[in-house]
Amino acid sequence: MKKPWKDLFKHPIIENPLDQPSEHSRRKFLFKVAVLLNGAVGAVLAVPVLGYLLGPVFKRNDSYNHWVPVGNLDQFPPGETRLGRYRNPEGTPADGQTRTLPCWVRNIDNTRFQVFAINCAHMECPVHWFPQSKLFMCPCHGGVYYQDGAVAAGPPPRGLYQYKYKVAGNQLMIWAGELPTLSTQASIAKPGSKTCLG
Amino acid sequence: MSGIKQKSLKLYQWFDRRLGLVKPITEAAEHPIPKSSASWWYVFGSAAAMIFGLQIVTGILLALIYTPTAQHAWTSLIFINHNIPLGWFIRALHGWGSDFMVAIVIIHMTQVFMFGSYKYPRELTWIVGVFLLLMTLGMAFTGQVLRFDQDAYWGLGIGASIMGRVPWIGGELVHLMLGGPIIGATTFSRFFALHVFVIPGILLALVAVHVWMVLYLGISEWPMPGRLVRRSTYVKEYEAEIHQDGVPFVPDAAWKDVTFSAAIILAIMACAFFFGPIGPSGPPDPTIIQTVPKPDLPFLWVYAVFALAPPALETPLLLITPIVVICAMLGLPLYAGEGEKHWSRRPVAVLMVSVIAVSLSILTSLGQHPPWSPVMDAWSGDAVQPKYLKGRTPLQRQGALVFQQMQCRNCHALGGLGGQRGPDLDMVATRLSESELIRQVLQGGGNMPAYGNALSPPQVTALVSFLETLNGNERPAQNDVHRLMQSESAQSPGHSSDESQ
């Protein structure tokens with residue numbers, strides 16, 4: 001059978017020196033040393049490369065968070081749940097619209113608030129608030145939450161993520177900065193537990 | 001004439017003397033293959049390679065205009081669609097080419113599996129092929145991100161959610177994937193780098209290795225029932241076959257490859273022309289929450305699995321299944337590298353392909369019209385049809401209003417309109433009695449929220465009196481007296497006065 005690659009690596013003019021038997025020589029030794037040297041240089045080079053790549057990993061979870069304003073108190077009337085917006089404290093100049101994030105602010109009685117992440121605890125989709133039925137519904141996989149963020153129906157493994165908040169003068173501030181997931185939570189508080197008051 | 005001929009021959013010789021590629025390439029093209037393999041069933045691999053070529057060309061064309069930043073990507077796609085001559089068509093070719101490439105790669109893999117072509121000595125060709133499939137899916141996912149519309153934005157959220165479920169290092173993985181704390185410019189840029197540099201580079205290298213192995217080992221022969229693959233004899237038998245009954249790949253088989261590739265490219269062009277570019281949907285502004293994010297076609301089945309899996313099993317299913325499936329695909333040729341190739345002697349293989357194909361089709365079609373999602377605007381968009389209101393008392397009509405206002409319609413259809421998350425309510429009065437309806441509304445259950453806090457007692461009364469009229473206008477409604485009588489005697493009860501609508 002004729003193999004198509006037979007002539008591929010056969011140079012027409014130069015005889016392959018590897019065809020001749022060779023012995024241990026100084027050049028062979030030098031080659032090995034050079035390869036080792038190259039490996040050492042590569043290992044040193046890998047340090048900054050990995051540091052650059054894994055930079056976001058080494059940052060402590062909570063270090064992204066800062067107090068940011070979500071709006072004036074009069075935007076959030078008592079007894080109602082309204083959409084708040086905040087500018088994420090950390091970002092880059094090219095973030096565009098993605099740096100302005102929504103959240104749901106529930107004003108319970110003007111002294112107590114609940115600030116929920118927009119993200120469904122199931123798959124991060126944006127939940128909608130329906131004031132008539134007092135439910136949050138998720139458009140993706142049918143997660144439903146009560147007004148206090150507890151799971152009402154569907155697949156979410158936990159209630160809505162909540163941000164810590166405080167009232168500074170006339171402003172409602174939240175402790176925010178990173179996308180809440182099951183591993184990176186918006187706040188230490190869980191629905192139903194006590195949240196910090198301003 | 002002969003002077004020109006002579007000169008071009010000399011030019012050719014000048015190049016070939018220095019390049020030395022013409023002879024091996026010609027030999028590779030004309031290498032003998034089994035006559036049975038010059039078949040229309042053996043054309044999918046070359047078609048996949050052809051589409052890959054189309055994707056590279058259209059991808060470079062798009063990159064001439066596309067602005068790869070989170071801030072401007074979406075706007076630049078709108079610009080390509082509307083302001084660049086034929087920009088919409090190039091985008092459409094790239095988008096449809098992506099769907100076709102995934103489909104053809106999967107068909108190619110299925111054919112190779114059914115024909116047993118992955119067996120000795122082509123195990124490694126199959127293993128490289130598995131990585132080619134993964135890379136193709138990687139291109140499809142990262143490409144969807146680069147469309148950077150609402151679907152892309154929330155799709156990244158789904159990715160982050162999956163990463164966040166990994167035990168111990170979940171948080172680190174989320175940050176690694178996002179390149180920072182939120183879905184933003186760094187997230188976008190790393191998916192751009194993956195889609196344009198990393199994955200295409202790996203794909204090119206793996207395609208080269210894959211094709212090299214096909215040339216080196218020869219194209220698999222048409223399987224015959226009873227002709228077993230044995231490590232000790234296979235190569236001899238194969239070489240004897242191509243010696244006796246071999247034909248050159250070019251042109252005996254290649255004409256079919258080339259024809260099929262042309263037909264596929266033509267089909268992509270037709271889809272692009274008639275259906276237009278895919279997306280982008282709304283801008284990637286997370287504060288626009290009036291959105292129903294959905295993944296692209298190749299991932300719709302995953303989206304369906306997320307909704308249908310039991311919540312308690314979800315995380316293990318998400319994290320373990322992909323590893324098991326990939327390991328099974330990689331291990332297949334090592335486990336079943338010898339033996340029968342023909343599908344008629346491999347019932348388990350046929351059954352597996354059928355079950356997987358049917359499951360993926362069902363899940364994909366479910367994903368296209370997901371019955372598990374509430375229809376977010378049904379309460380204000382889908383009116384209660386007059387037949388449900390005609391001849392009803394004021395209280396019952398008030399109940400219909402409560403039914404709409406309280407978003408019941410988002411999950412429950414009436415007259416075929418509305419959500420499908422919960423059961424249709426057209427006949428609910430024949431299933432539940434008044435007290436059962438009240439209990440269900442107030443306490444929920446069976447995946448329905450409790451409305452006890454949201455409804456006032458008069459609203460509940462009105463709603464339940466409306467629901468009690470939903471008996472399909474024919475069957476008697478269920479009520480507590482019926483239940484009592486049914487339990488006391490098997491006699492069928494008569495109509496009661498409050499339900500003869």
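In the predicted model, the contact between the two chains draws on 65 residues from chain B and 58 residues from chain A. On the side of chain B that touches chain A, at least two residues each are supplied by helix 2 (22-29), helix 7 (150-164), helix 8 (170-178), helix 9 (185-217), helix 10 (234-245), helix 12 (300-308) and helix 13 (311-335). Sorted by class, this side of chain B comprises 34 nonpolar, 23 polar and 8 charged residues.

Helix 13 of chain B, one of the helices that contribute to the contact, bends by about 40° at B:Leu317. The 25 residues of this helix should span 36 Å at 1.5 Å a residue, and the end C-alpha atoms lie 34 Å apart, which agrees with that expectation.

Elsewhere in chain B, B:Leu134 is found in helix 6 (residues 123-146). B:Leu134 has 16 other C-beta atoms within 10 Å and is therefore partly exposed, since a buried residue would need 20 or more and an exposed one 12 or fewer. From C-alpha to C-alpha, B:Leu134 and B:Ser189 are 21 Å apart in space, with a separation of 55 residues in sequence.

For chain A, the pLDDT averages 85, and 81% of the residues score at least 70. Over residues 188-198 of chain A, however, the pLDDT is below 50, although this stretch has 23 contacts in the model beyond near neighbours in sequence. Where pLDDT is low, the predicted coordinates should not be read in detail. The domain assignment divides out domain 1 (24-56) and domain 2 (61-176) in chain A, and the centres of these two domains, taken over C-alpha atoms, are separated by 50 Å.

Technical notes. Residues numbered from 1 in each chain as written. Chains lettered and ligands numbered in written order. Predicted model: local features only at pLDDT ≥ 70, side-chain atom pairs only at ≥ 80, totals over all residues. Contact = placed C-beta atoms within 7 Å. Helix = DSSP H or I, 4+ residues; strand = E, 2+ residues; numbered from the N terminus. Nonpolar A, V, L, I, M, F, W, Y, C, P; charged D, E, K, R; others polar. Expected span 1.5 Å × (residues − 1). Bend = angle between axes of the 7 residues up to and from the residue. pLDDT = per-residue confidence, 0-100. Domains from an automatic or database assignment.
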